[in-house]
Amino acid sequence: LKRIKIKELMDAPVVGKKVNVKGWVRTFRSNRFIAINDGSTINNMQAVVDFEAMDEQLLKRVTTGACVSVTGELKESLGKGQTVEVIVESLEILGDADPEKYPLQPKKHSLEFLREIAHLRVRTNTFSAIYRVRHAMIFAVHNFFNQKGFYNVHTPIITGSDAEGAGEMFRVTTLDLTNPPKNEDGTINNKEDFFGKETNLTVSGQLEGETAAMGMSEIYTFGPTFRAENSNTSRHLAEFWMIEPEMAFYDINDNMDLAEEFVKYLVKYALENCKDDLEFLNQRALDEEKGKPQNERSSMSLLERLQFVADNEFERVTYTEAIDILKNSKPNKKKKFQYLIEEWGADLQSEHERFLVEKHFEKPVILYNYPKDIKAFYMRQNNDDKTVAAMDVLFPGIGEIIGGSQREERYDVLKARVDELGIPEKDLWWYLDLRKFGSAPHSGFGLGFERLILFVTGMGNIRDVIPFPRTPDNAEF
Ligand code: 4AD
Ligand code: MG
């Protein structure tokens with residue numbers, strides 16, 4: 001008898017059919033009801049055993065976490081919580097889980113504890129739901145761009161350039177760093193390294209993505225990116241996934257339109273295709289909220305928040321307008337939040353972003369036209385000589401979810417900026433070449449995939465939306 005997935009049985013139950021189900025035991029109640037989950041859905045299959053007819057020693061091995069295979073007839077269930085159940089004729093233990101040692105018990109474990117057992121947390125409802133939503137979002141990303149005629153390109157993971165110019169890269173080397181080959185002046189001789197030069201893990205696929213857009217018009221990347229920024233926050237990972245569309249002939253307004261359409265599509269896709277998981281996560285978030293003081297609870301549930309974002313236009317404001325709003329905002333009495341910003345030119349802190357999104361506009365905000373000195377070298381300079389055509393999409397509860405810009409397509413302007421910032425031309429000659437040969441106006445952005453998943457799942461910490469989070473001091477698994 002071929003194994004059938006629990007999801008298939010739940011979606012289209014054939015009562016009276018003999019089935020085989022394999023999965024992990026969640027609970028075993030009254031020596032009679034085994035709740036089995038195989039990860040195909042949030043729902044467990046109830047397997048009903050007749051303990052008098054079964055081998056006692058065998059039943060003792062049916063413990064939380066054990067892997068079992070059950071065969072029997074599918075029956076309508078009278079118990080609440082499930083529509084069908086399997087009346088067990090034969091039971092096999094595929095893998096025992098010693099209850100004295102198995103760390104997951106049928107009770108609520110803290111997320112912090114579960115992070116320490118990342119190899120097992122996929123067996124909880126919370127994490128399997130998150131990872132299924134993650135899967136659905138990966139699929140939706142490709143769907144969206146495929147429907148629009150964008151081509152997916154793979155950009156390199158090992159690179160010789162620093163796309164963001166922020167110097168936050170992980171070095172890739174085969175040199176013996178305890179005794180590296182040296183130049184005459186004592187510096188490391190990178191010519192003897194594997195690639196004959198210094199290389200790093202990519203911080204962004206954008207620059208290579210631009211080369212593709214300058215020949216294929218509309219492309220997107222979807223790959224892992226790496227940042228050695230030492231920010232131990234609930235929003236930063238050292239290894240995260242980014243989706244970076246890049247489009248020839250798009251200006252900053254076209255770019256903002258695409259970004260808004262894209263995230264709305266993803267959120268709608270989740271609402272339509274991840275119903276069971278989102279309902280579970282919605283309830284989970286409501287339960288969490290109960291533990292918070294009234295004034296810290298959010299006015300919307302997770303599902304309401306998702307629907308709101310899908311249905312409402314994002315607010316578009318320039319950086320300069322945002323600074324004025326912040327300057328005129330009243331810090332709250334207890335000085336718990338200090339929204340005031342001193343002057344034009346300052347980078348926005350996350351509390352400023354949250355004020356704009358959650359308090360002032362109460363909807364997602366696209367901020368654009370930032371001061372050039374706080375943004376990357378490749379962004380297109382505006383005529384005011386002070387700002388660049390940058391845009392950030394800010395989301396409630398998350399802050400920045402997308403960063404992007406129109407690119408500087410004018411050779412002279414870009415070259416001057418690169419020189420001004422002291423970026424060696426030898427690292428970027430090929431990028432500058434794009435502006436020498438058939439340059440075109442173009443734009444693009446990057447969506448942080450885990451930040452999207454944070455928003456869609458209502459989770460509070462980015463370590464909980466990627467199976468094996470990489471953060472400072474954390475590469476156990
Ligand atoms: O704003 P960022 O740094 O922009 C870029 O990398 C551009 N090259 C994108 C482009 O225009 N093609 O990063 C883009 C997004 C951020 O908005 C954020 O969502 C996410 O990537 N991000 C991170 N997510 C998790 N952990 C980190 N350390 C992140 N850094 C950025
Ligand atoms: Mg950014």
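Which residues of the largest nonpolar core touch the most other members? In this predicted model, that core has 86 residues, and the ones to select are Met137, Leu266, Ala270, Leu452, Ile453 and Val456.

Keep valine 456 selected. Setting aside neighbours within four places in sequence, valine 456 is in contact with Val133, Met137, Val267, Ala270 and Leu306. Another core lies apart from the largest one; this other core has 21 residues, including Trp24, Ile34, Ala35 and Ile36.

Next, select helix H4, residues 125-147. With 23 residues at 1.5 Å a residue, helix H4 should span 33 Å, and its end C-alpha atoms are 32 Å apart, so the two values agree. Now colour the buried residues of H4, among them Phe127, Ile130, Val133, Arg134, Met137, Val141 and Phe144. In an α-helix there are 3.6 residues a turn, so residues three or four places apart point the same way.

To see what covers the buried residues of H4, show strands E6 (151-152), E10 (218-226) and E11 (239-248), which are included in the cover. Helices H6 (252-273), H7 (275-290) and H13 (449-457) are also part of that cover. After H4 comes glycine 149, with a positive phi near 80 degrees.

Finally, select ligand 1. Around ligand 1 there are 23 residues, and the closest are Ser204, Gln206, Gly403, Gly446 and Gly448. Strand E15 (399-406), strand E16 (442-448), E11 and H13 each supply at least two residues of this shell. The most come from E15, which gives six. Coloured by type, the shell shows seven nonpolar, nine polar and seven charged residues.

How values were computed:
Residues numbered from 1 in each chain as written. Chains lettered and ligands numbered in written order. Predicted model: local features only at pLDDT ≥ 70, side-chain atom pairs only at ≥ 80, totals over all residues. Helix = DSSP H or I, 4+ residues; strand = E, 2+ residues; numbered from the N terminus. Expected span 1.5 Å × (residues − 1). Buried ≥ 20, exposed ≤ 12 C-beta atoms within 10 Å, placed from the backbone. Contact = placed C-beta atoms within 7 Å. Core = buried A, V, L, I, M, F, W, Y, C linked by C-beta atoms within 7 Å. Near = placed C-beta within 6 Å. Nonpolar A, V, L, I, M, F, W, Y, C, P; charged D, E, K, R; others polar.
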